[in-house]
Amino acid sequence: MTHFSAWSLLKNALSGHKNWSEQWPDSEPKAEYDVIIVGAGGHGLGAAHYLAKEHGITNVAVIDKGWLGGGNTGRNTTIIRSNYLYDESARLYDHALDLWEDLSQELNYNVMYSRRGVMMLAHTVHDVQSFQRHIHANRLNGVDNKWLTKEEAKEFCPPLNISPEARYPVMGAALQMRAGTARHDAVAWGFARSAAKRGVDIIQNCPVLAIRRGPDGAVEGVETAKGFIRAKKVAVSAAGHTSVVMETAGLRMPLESYPLQALVSEPVKPIFPCVVMSNSVHAYISQSDKGELVIGSGTDQYTSYSQRGGLPLIEHTVAAITEIFPIFNRMRMLRKWGGIVDVTPDRSAILGKTPVKGLYVNCGWGTGGFKVTPGAAHTLAWTIAKDEPHPINAPFTLDRFTTGRLIDEAAAAAVAH
Amino acid sequence: MLLIRCPYCEETLPEMEFTYAGEAHIVRPENPSDMSDEAWRDFLFIRSNVKGPHFERWRHSHGCARFFNAVRDTVSDRFLTTYKAGEPRPDLASLLSAAGQSESEK
C-alpha cells in the first residue's frame, strides 16, 4: 500500500496517475476471526483501526450489508463539536475532538478536518441565559466555548443579519472555536485503509443475518449471507439497524430508529466561513469545500427504516435557514437524502459491554454520531481488547436504563433533537 | 409526504395535520409499586423498533385532536390500516394479504 506523501503524489503525477495501488482489498470471509465488527461505517472501521494499532489485535473482520461508509457516515452534515453539558458527555466528545486534531497524520489520509468554529445563535433572553450557563459548564469541564455579542458574531460570520428588525433577531452566540467539519467519506476510507494495511478484512455486501450464541450464552459468531463466521467477540456498530441485529442475540434495545434528513445547495463561491446552528429556529448550515451549502435540522417525527423521510421536514428546515439568512432564499437545492439514526430515550449513546458474554455494542448516537467517530471507535476498541469499560465510555452502559443513572442530554441538549 | 386516514374524521389527510405518538398497545402497569426495575425499564424504555409492519399511535392534532392507532410498514412507510383507540390489535396476516392483493391489482 502506497504511503501518501508529496513525493508519492509527484511520482504518480509523472505517470499520469495511472499506477496508484488499491487502497484496501475487498476481502472474502475466513472461517474464524478473533473479533467481528458488524457495520463498516466510520465507527466500526475506526474500532478495527484502533484494535490493530493500539492493541495488536489484527485478526479482525468488519462486515457490512452494503458498501463501506454507505450508511450514516456518508449521510451526515459533517459537523464536529464537543460542547455537551454533562460531565460524561463532555469527556467523551472532547476525547473525540483531541483525536480529530491529529487524525489525518495518524491515518496518513487527509480527512480535511477544518477547525472553522461552530456558532450557536441565541434569539431570545432564555437562549442567552441558557447558553451562558452552558458555556460556564463547558469551561469548568475544560471544553472550549465562549460567548460572543451580536456584533462579535457578525464579525465572525459576515453573512449574519444582526438587525433588530429581523424575524428572529440575533442577541448573541456561543462559539466553540475548536469545532468544525471534516470530510465524512475520507474518515471511513482513511480508517479502512489503515485497518486493512494492518491485516483487517473488510467484507462488503454481506448482510449479517443473526448473532449466534452457544449453550453457555456466550457469542459464537455471526450468520451471514456468505455463511457462518466464527468469533468469540462480536461488536455491533450498525446505527439505525442496531436493534434489528441485537434482537437476533436475544437482546431488546432501548432504541428507536428515525430518518434524519439533510440537503445541499448548488455549489457557490466561498461565502460561509463557519458552522451556524440555531436551536430556536431549528436548523444548521455550513459550506462544504466544494462550495455547496450543507443544511440539516431534526429527525422526522415517525420511526422508519426508509432512508428517505418526508418533504414537510425539508420545508421546515429550508424555511428556518431562509428566515435567518434571507440571502440564501434563491439558492437552488441540489439533492437531499436521509439516514436512519438510532435514538435512545436519554439521547446519549450506549457504548461498551452488554449482558451477553463476548458481545459489545456502539449505538444510540442519534443525530450526532459523526463528530464522535474517533472517540467512540477508540474507547470501543479498548473495551473489546480488555473486556472492560474504558474510563471514558464507562458511564454509557446499557444497564443505566434499569438503574436510572441516565445521561439526560435530551433535556440538556445543545441542540433540539 | 405521508397520507394518513383518520378513523374518526373518515378522511385521508396530509401528514402535517398529524402528530406521531410512539408505539401502540403499551399497557400501563396495574400495580406500579410491585414492579421490578427490569419491568420498569421494559415499560418505559424498550420499544420493538420493528423493521416492517409497526403498530403505532398518531394524533390528529390539527383536526379532531383525537388519538388513534395505525399499522405502518417502516420500510416503505405505507399505512396498512388505521383504527380507533381502544379497538383490538388487527390481525397482521390478513392485513398483509389484503395489502398484497391491492398491490397486485394495480
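Predicted model: local features only at pLDDT ≥ 70, side-chain atom pairs only at ≥ 80, totals over all residues.

In chain B, where is confidence lowest and where is it highest? Kindly set the answer beside helix α10 of chain A, which is the part I wish to examine.

Modeller: In chain B, confidence is lowest in helix α2 (residues 92-105), with a mean of 79, whereas strand β4 (residues 53-59) of chain B has the highest, at 98. Chain B as a whole averages a pLDDT of 93, and 95% of the residues score at least 70. For the complex, the predictor gives an ipTM of 0.94 and a pTM of 0.95.

Helix α10 of chain A covers residues 373-386. From the first C-alpha to the last, the 14 residues of this helix reach 20 Å, close to the 20 Å expected at 1.5 Å a residue. The helix is mostly covered, as 12 of its 14 residues are buried. Among the buried residues are Pro374(A), Gly375(A), His378(A), Leu380(A), Trp382(A) and Ile384(A). Just after α10(A) comes Asp387(A), with a positive phi of about 55°.

Chain A gives 19 residues to the contact and chain B gives 19 residues. On the side of chain A that touches chain B, at least two residues each come from α8 (242-247), β12 (256-265), α9 (311-324) and α11 (400-403) of chain A. The residues of that side divide into nine nonpolar, eight polar and two charged.

How values were computed
Residues numbered from 1 in each chain as written. Chains lettered and ligands numbered in written order. Helix = DSSP H or I, 4+ residues; strand = E, 2+ residues; numbered from the N terminus. Expected span 1.5 Å × (residues − 1). Buried ≥ 20, exposed ≤ 12 C-beta atoms within 10 Å, placed from the backbone. Contact = placed C-beta atoms within 7 Å. Nonpolar A, V, L, I, M, F, W, Y, C, P; charged D, E, K, R; others polar. pLDDT = per-residue confidence, 0-100.
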